[in-house]
Amino acid sequence: MKKNFGLLLIGLFFVSGLTAQKIKLSGVKGDFSPCTTPLGDGFMKAVDTAAGRQVADNYRTWENGDVILVKFMNNAGSKDIRNRIMQFAKEWEQYGNITFKFVPDNTPQTNIRVRLGGRKDSMGHNSSVGIQCNDVPQYLQTLNLDTSDFIDYEGYEKELNTGGPFYQYLVRKGVDFNNYTYGELYDDIRSYPDPARKWNLKAMGRTSRHEFGHSLGLLHEQSYPGGIKWNTDTVYKYYASRGWNKAKVDFNVLEVSDQFFTNGTTYDPRSVMHYAVYAWQTLDGFSVERSSEISEGDKKIIGALYPKTAKVSAIAVPKVQISNLSGLVVKTDNVRKGLLIYPSFDLTTSAVLGKVHFVARLTTEDGKRYIPTANVRYSWNKMAGVYLPVNLLPSSKVTYNKGLKKNLELFFPFREMPDLQGKKVKVEFTVYLDDVVNNKLNRLVAYSLSQPLSMPL
Ligand SMILES: [Zn+2]
């Protein structure tokens with residue numbers, strides 16, 4: 001024991017006895033990962049079926065006054081970084097009637113789940129949009145943050161040249177400072193077990209505000225119609241150097257929203273929801289500096305979506321949420337001579353009156369293609385099917401076909417079908433929302449596919 005202590009002292013003396021010299025780094029300095037909402041990295045794809053790009057997606061906002069439950073996942077992140085992210089997220093609460101309630105990691109049911117990741121897992125920064133979070137299974141995250149983008153790299157680089165603790169750590173590690181690259185330095189900074197981690201609070205604040213903005217229903221401000229006149233060739237080249245293909249750039253950067261979703265706001269280049277835009281990326285030399293703070297425009301839109309002075313937002317639209325959609329039961333009935341279709345789910349409506357269509361369509365055995373029909377009554381967009389229009393009461397919840405109670409049946413008579421005798425088919429069940437007032441029709445809100453079944457001879 002005594003011997004070890006002596007060795008340790010020698011070690012410390014040896015390290016601090018070194019004089020730090022200006023270390024020349026080769027390679028290029030790292031860059032920040034851009035936000036990849038709502039494309040994500042696959043984990044949100046399944047629910048992003050009605051993708052529209054807009055300043056705020058009114059069909060995905062929470063109900064005014066909602067308390068949104070948020071937790072961090074997998075015990076990741078220090079208390080320090082969690083507290084900071086929490087405070088950045090909660091800044092939004094000042095401007096709208098909405099609350100992020102952070103709950104312990106072991107809470108079984110939450111609306112938002114934050115995954116703190118690192119460079120190696122390459123999940124980047126992204127979030128499900130608004131109530132889309134509720135479609136994500138509880139074991140998956142709804143919001144990704146790459147904390148390696150929040151490290152104060154400059155601060156550690158400074159220590160490199162002043163002989164601070166980080167420099168001493170590198171010496172102990174046996175780093176060869178001849179031919180030391182920025183890439184190696186950044187890897188070393190990320191793996192440096194610093195109990196008092198130095199953070200770049202500007203980067204952490206900007207990204208946390210931005211991603212939690214998505215979680216409230218906001219989308220990228222650069223999608224504002226007519227906001228940016230992109231020089232598409234140079235934009236593709238720029239993102240290609242970051243490993244993004246054309247489709248990803250089209251979706252995340254170049255997509256322009258529908259005028260409806262601007263909600264009467266004006267284009268706001270100061271928005272925290274705006275990407276940085278460089279003059280060489282635009283045809284007219286226009287540029288936008290990446291904003292770190294919640295802008296006046298951001299405050300306005302959040303205040304309009306979640307008003308503190310009214311019960312319901314003046315720009316609220318009808319919304320439905322389908323949950324627990326499971327076990328699509330389909331039976332052939334030889335007495336009634338048709339297919340009986342029993343989807344099972346819970347349906348919750350928002351504060352505004354809406355209308356949905358429950359649609360069941362026949363597909364081929366592999367579930368990949370619909371079956372065309374000339375029948376006008378038993379069809380949906382000229383494909384064999386049966387549908388039921390339903391007017392929904394505001395702020396209500398209905399449970400369909402759970403337990404023994406059968407309160408929703410779709411009936412498809414054999415005589416109304418194309419000739420399918422003896423063939424195998426599947427039944428696809430979907431729910432579409434119609435916002436008649438705003439002329440926004442057929443928004444897909446739920447989807448389910450049955451097992452294959454044989455049609456009678
Ligand atoms: Zn984003």
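Arg336 lies over the face of Phe411, at 4.7 Å from the ring centre, in a model that is predicted. A second contact of this kind involves Lys198, whose charged end sits over the ring of Tyr156, 5.5 Å from its centre.

- Phe100 and Phe212 form an aromatic pair in the edge-to-face arrangement, with 5.2 Å from centre to centre and 75° between the planes of the rings.
- This pair links distant parts of the chain, since Phe100 belongs to strand β2 (residues 99–102) and Phe212 to helix α6 (residues 201–215), and the two are 112 residues apart.
- Phe100 has a relative accessibility of 1% and therefore counts as buried, for which the cut-off is under 20%.
- Phe212 is buried as well, with a relative accessible area of 0%.

**The pair Tyr267 and Phe286**

- The ring centres of Tyr267 and Phe286 are 6.4 Å apart and their planes stand at 55°, so this pair counts as tilted.
- Tyr267 and Phe286 each lie in the loop between α8 and α9 (296–305), so the pair ties together parts of the chain that are 19 residues apart in sequence.
- Tyr267 counts as partly exposed because its relative accessibility is 21%, and Phe286, at 30% relative accessibility, likewise counts as partly exposed.

**Helix α7 and its two sides**

- Helix α7 covers residues 232–240, and its buried residues are Val235, Tyr238 and Tyr239.
- When α7 is viewed down its axis, these buried residues fall within an arc of 90°, which means that they line one face of the helix.
- The face of α7 that is turned away from this buried side carries Asp233 and Lys237, which are exposed.
- Among the elements that cover the buried residues of α7 is helix α8 (246–254).

**A cluster of rings**

- Tyr238 and Tyr239, which are among the buried residues of α7, also belong to a cluster that ring pairs build together with Trp244, Tyr278 and Trp280.

Methods:
Residues are numbered from 1 along each chain as its sequence is written. This is a predicted model: local features need pLDDT of at least 70, side-chain atom pairs count only at pLDDT 80 or more; totals for chains, interfaces and linings use all residues. Side-chain values use heavy atoms; hydrogens and water are left out. Buried means under 20% relative accessible area, exposed over 50%, partly exposed in between (1.4 Å probe, protein chains only). Helices (H or I, at least four residues) and strands (E, at least two) are DSSP runs, numbered from the N terminus. The arc is that of the directions from the helix axis to the C-beta atoms. Contact means heavy atoms within 4.5 Å. Rings of Phe, Tyr and Trp (its six-membered ring) pair if their centres lie within 6.5 Å; planes under 30 degrees apart count as stacked, over 60 as edge-to-face and the rest as tilted. A charge sits over a ring if NZ of Lys or CZ of Arg is within 6 Å of the ring centre and within 35 degrees of the ring normal.
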